[in-house]
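Please read them beside the sequence and the coordinates.

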Amino acid sequence: MEAIKGLSIQDAVKLIKGEDDAATQYLERNTTNSLSEKFKPVISASLEKVNATKHWETAITRYNKIPMTKKVDADLENYVTEKAIAGLFTMVAKEELAIRKDPAARTSDLLKKAFK
């Protein structure tokens, strides 16, 4: 809500007239930190519940020593949180694209008016 409340009229116009994922990019820039704070405790509890962190650090530390591999964050909570948020914004971008391209996806009067 803070990111949306912080929108200026100029920002809103840029989002509507911008790229196919302009609103998603705006939300990602302005909400990732607060989403991370909200997601991390839930993810941490879930990982702890299934003992997922037990051997992760050892395995990933060894994996990261392998030459020519893409390095992975050894902190499982951070890694899962980052991937969850990335997945969230991937889905938001898909929805935004549908709203921009398909008039039937504009389910509210506000969306119908904004994307005439």
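1. In helix α5, the buried residues are Leu76, Thr81, Ile85, Phe89, Glu96, Ile99 and Arg100. Buried stands for under 20% relative accessible area, exposed for over 50%, and partly exposed for what lies in between, with a 1.4 Å probe and protein chains only. An α-helix has 3.6 residues a turn, so residues three or four places apart point the same way. Helices here are DSSP runs of H or I with at least four residues, numbered from the N terminus.

2. This is a predicted model, in which local features need pLDDT of at least 70 and side-chain atom pairs count only at pLDDT 80 or more, while totals for chains, interfaces and linings use all residues. Residues are numbered from 1 along each chain as its sequence is written, and side-chain values use heavy atoms, with hydrogens and water left out.

3. On confidence, the chain has a mean pLDDT of 89, and 97% of its residues reach 70 or more; pLDDT is the predictor's confidence in each residue, from 0 to 100. Among the elements of the chain, α3 has the highest mean pLDDT (95), and helix α6 (residues 109–114) the lowest (72).

4. Helix α5 covers residues 76–101, 26 residues in total. From first C-alpha to last it reaches 37 Å, close to the 38 Å expected at 1.5 Å a residue; the expected span is 1.5 Å times one less than the number of residues. Asp75 caps the N-terminal end of α5, with a side-chain oxygen 3.1 Å from the backbone nitrogen of Glu77.

5. Which side chain does the side chain of Glu96 contact? Its partner in a polar contact is the side chain of Arg100, at 2.9 Å. A polar contact is a pair of N or O atoms within 3.5 Å; within protein, one must be able to donate a hydrogen and the other to accept it, and residues adjacent in sequence count only if both atoms are side-chain atoms. Glu96 lies in helix α5 and counts as buried because its relative accessible area is 8%.

6. Met91 is also placed in helix α5, but it counts as exposed because its relative accessibility is 51%.

7. Two residues other than glycine deserve a look for positive phi. Asn51, with phi near 55°, lies in the loop between α3 (22–49) and α4 (56–64). Met68, with phi near 60°, is in the loop between α4 and α5. Met68 counts as exposed, at 87% relative accessibility.

8. The second largest pocket has a volume of about 210 Å³. The elements that give two or more residues to its lining are α1 (2–5) and α3, and the largest share, eight residues, comes from α3. Among the lining residues are Met1, Ile4, Tyr26, Asn30 and Lys38. The lining divides into six nonpolar, three polar and three charged residues.

9. Ala12 is in helix α2 (residues 9–17) and is partly exposed, at 26% relative accessibility. Ala12 and Gly87 are 75 residues apart in sequence and 24 Å apart in space, C-alpha to C-alpha.

10. Terms for the pocket: on a 1 Å grid over the protein atoms alone, a pocket is an open set of points where a 1.4 Å probe fits, with protein on both sides within 12 Å along at least five of seven lines, and lining residues have an atom within 4 Å of a point. Grid points are joined across faces, edges and corners, and the volume is the space filled by probe spheres set on the points. Ala, Val, Leu, Ile, Met, Phe, Trp, Tyr, Cys and Pro count as nonpolar, Asp, Glu, Lys and Arg as charged, and the others, Gly among them, as polar.
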